[in-house]
Amino acid sequence: MRSPTRLFLFWFLLGLSSQGSVFAEEVLETRPSQVNQATLAVIFSGSETLHYAVSWSGGMKIGDIYMKIQREKAKDDAFNISAKVKDYGPLELFYPVDDTFNCFVSGPMKLPYRYEVQQKEGYRKETKRLTHYDQANLLVRYQKNREPEEQFEIAGTVYNEFASFIITRALALQEGADIVVPTFADKKRQEVKVALLQREKRQTVFGEKETLKVLPKMYFKGLYEKSGDTILWLTDDRCRVPVEIHSKIAIGSLVAELVEYANSACPELRRVKDR
């Protein structure tokens with residue numbers, strides 16, 4: 001049995017890493033010129049927290065996702081992107097889920113170097129996963145519990161699902177001009193194209209805001225087969241906050257709405273109480 005809340009977390013994060021480009025002669029990277037450095041500085045100010053309520057087809061709530069970006073004290077110029085998944089409602093009573101994810105990134109492009117996953121499901125099962133990203137030597141090492149370590153050679157630098165989700169926020173997106181975010185998923189390097197579909201006004205936790213409607217071009221299958229794209233809406237401002245994410249599946253859709261946000265570098269974004 002799998003948590004639908006955790007599956008959704010991976011759908012909207014791995015959505016950025018599930019469809020690679022057709023084999024190309026050139027190895028594509030996300031270039032510094034394709035990233036808004038001011039936005040990146042805001043995101044990695046060291047104090048950002050996000051709380052999403054996850055619902056089925058925008059109705060019944062099924063869980064919560066809590067994300068945080070903090071400075072990593074043990075390493076200069078490093079940050080920890082952490083996430084916690086909690087189920088909600090009847091499923092929580094019969095099959096409690098308490099999953100924790102920690103993705104450590106560093107450098108000017110915020111590339112990952114370590115990824116820790118601790119999954120607790122039901123009342124007995126516990127799984128630990130550890131991934132190391134050797135960006136300089138183009139090598140990824142992965143280990144699950146006490147199983148033998150696996151190693152994968154990669155053609156260029158990579159993000160993972162969390163780091164790719166965050167760097168997407170800072171991309172200098174323009175309509176009609178996709179940007180590649182190379183991501184390690186399914187045991188290989190994927191060159192994922194991210195597209196800006198349009199700008200539109202949308203009701204958010206901050207009231208009505210101008211947003212960027214963004215499409216990671218992908219296909220992803222989990223416990224439920226996806227039947228459509230994953231779409232995310234970012235505030236069209238210097239903070240680029242993901243306020244809503246939709247992922248279609250064969251029996252409806254999963255929706256994550258931002259319900260709480262805090263970042264000392266974005267004091268202008270405040271929750272509208274009567275929303």
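Contact here means heavy atoms within 4.5 Å. On that basis, and in a predicted model, histidine 51 is in contact with Asp64, Ile65, Tyr66, Glu257, Leu258, Val259 and Glu260, leaving aside neighbours within four places in sequence. Histidine 51 belongs to strand 1, which covers residues 47-56. Its relative accessible area is 11%. The cut-off for buried is under 20%, so histidine 51 counts as buried. Its side chain also makes a polar contact with the side chain of aspartate 64, at 2.7 Å.

Leu258, one of the residues touched by histidine 51, is also among the residues with the most contacts inside the largest nonpolar core. That core has 62 residues. Phe44, Met67, Ile81, Val241 and Tyr261 are the others named with Leu258 for the most contacts inside the core. Helix 4, residues 161-169, supplies the largest share of the core, five residues. In soluble globular proteins, nonpolar side chains tend to be buried together.

Residues up to four places away in sequence are not counted. On those terms phenylalanine 44 touches Ile69, Phe79, Ile81, Val105 and Ile166, together with Arg71 and Lys110.

Asparagine 263 lies in the segment after strand 14. Its relative accessibility is 6%, so asparagine 263 counts as buried. Beyond its neighbours within four places in sequence, asparagine 263 is in contact with Val42, Ile43, Ser45, Ser47 and Glu48. For Val42 a polar approach is also found. A polar atom of the asparagine 263 side chain lies 3.1 Å from the backbone oxygen of valine 42.

A disulfide is a covalent bond between the sulfur atoms of two cysteines. Here cysteine 239 is joined to cysteine 266, with an S to S distance of 2.1 Å. The link is left-handed, at -120° about the S-S bond. Cysteine 239 and cysteine 266 are buried. Cysteine 103 counts as buried too, at 0% relative accessibility.

Aromatic residues were considered next. The count comes to six aromatic pairs. Phenylalanine 104 and tyrosine 113 have ring centres 6.2 Å apart and planes at 40°, so this pair is tilted. Phenylalanine 104 is buried, at 9% relative accessibility. Phe101, Tyr115 and Phe162 form one aromatic cluster.

Charged groups also lie over rings. Lysine 75 is placed over the face of tyrosine 113, 3.9 Å from the ring centre. Tyrosine 113 is thus involved both with lysine 75 and in the tilted pair with phenylalanine 104. The charged end of arginine 202 sits over the ring of tryptophan 233, 3.9 Å from the centre of that ring.

Key
Residues are numbered from 1 along each chain as its sequence is written. This is a predicted model: local features need pLDDT of at least 70, side-chain atom pairs count only at pLDDT 80 or more; totals for chains, interfaces and linings use all residues. Side-chain values use heavy atoms; hydrogens and water are left out. A nonpolar core is a set of buried Ala, Val, Leu, Ile, Met, Phe, Trp, Tyr and Cys residues joined through side-chain atoms within 4.5 Å. Buried means under 20% relative accessible area, exposed over 50%, partly exposed in between (1.4 Å probe, protein chains only). Helices (H or I, at least four residues) and strands (E, at least two) are DSSP runs, numbered from the N terminus. A disulfide is a pair of cysteine sulfur atoms within 2.5 Å. A polar contact is a pair of N or O atoms within 3.5 Å; within protein, one must be able to donate a hydrogen and the other to accept it, and residues adjacent in sequence count only if both atoms are side-chain atoms. Rings of Phe, Tyr and Trp (its six-membered ring) pair if their centres lie within 6.5 Å; planes under 30 degrees apart count as stacked, over 60 as edge-to-face and the rest as tilted. A charge sits over a ring if NZ of Lys or CZ of Arg is within 6 Å of the ring centre and within 35 degrees of the ring normal.
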